[in-house]
Amino acid sequence: MSGKIEQILQYSLKTVKLLLGNSKEVDLSLIVDEISIFEDVFSPSMSGYVLVADAQGYIEKLGIDGFCYLQIAFDKTVEGYENDQYDQLFRVYKIEEREQ
């Protein structure tokens with residue numbers, strides 16, 4: 001068995017935080033619907049997207065701009081890979097497909 005995450009129960013989400021430029025942190029863990037992270041062999045960085053259910057209006061209230069970062073941390077629960085922990089920081093560069 002590989003250590004690849006293929007099913008929803010093969011990981012444990014620890015942290016999804018939005019780090020704002022003014023040193024504020026917003027915990028998004030409870031409103032995240034989907035996380036997709038991609039690697040490209042022709043690029044030196046990873047990219048992806050996070051889908052959140054923002055019924056509180058965080059985008060308008062917090063003034064999210066290009067100086068924000070997203071911290072994502074999770075552990076694998078795949079047998080034989082239980083000690084694999086990941087903690088990555090991503091730059092927020094775009095917000096799209098908003099519905100009101």
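Glutamine 71 counts as buried in this predicted model, at 19% relative accessibility (buried means under 20% relative accessible area, exposed over 50%, partly exposed in between, with a 1.4 Å probe and protein chains only). The residue lies in strand β5 (strands are DSSP runs of E, at least two residues, numbered from the N terminus). Its side chain joins that of aspartate 87 in a polar contact of 3.1 Å. Such a contact is a pair of N or O atoms within 3.5 Å; within protein, one must be able to donate a hydrogen and the other to accept it, and residues adjacent in sequence count only if both atoms are side-chain atoms. Beyond neighbours within four places in sequence, glutamine 71 is in contact (heavy atoms within 4.5 Å) with Thr15, Val16, Lys17, Leu19, Asp87, Gln88 and Leu89.

The model holds 2 salt bridges, each a side-chain nitrogen of Lys or Arg within 4 Å of a carboxyl oxygen of Asp or Glu. Lysine 14 pairs with aspartate 75, with 3.5 Å between the closest N and O atoms. This pair links distant parts of the chain: lysine 14 in strand β1 (residues 11–19) and aspartate 75 in strand β5 (residues 69–76), 61 residues apart. Lysine 14 is partly exposed at 47%, whereas aspartate 75 is buried at 16%.

Glutamate 25 and lysine 17 form a salt bridge at 3.3 Å, N to O. Glutamate 25 is exposed at 51%. Lysine 17 is partly exposed at 26%.

Residues are numbered from 1 along each chain as its sequence is written. Local features need pLDDT of at least 70, side-chain atom pairs count only at pLDDT 80 or more, and totals for chains, interfaces and linings use all residues, while side-chain values use heavy atoms, without hydrogens and water.

Technical notes:
Helices (H or I, at least four residues) and strands (E, at least two) are DSSP runs, numbered from the N terminus.
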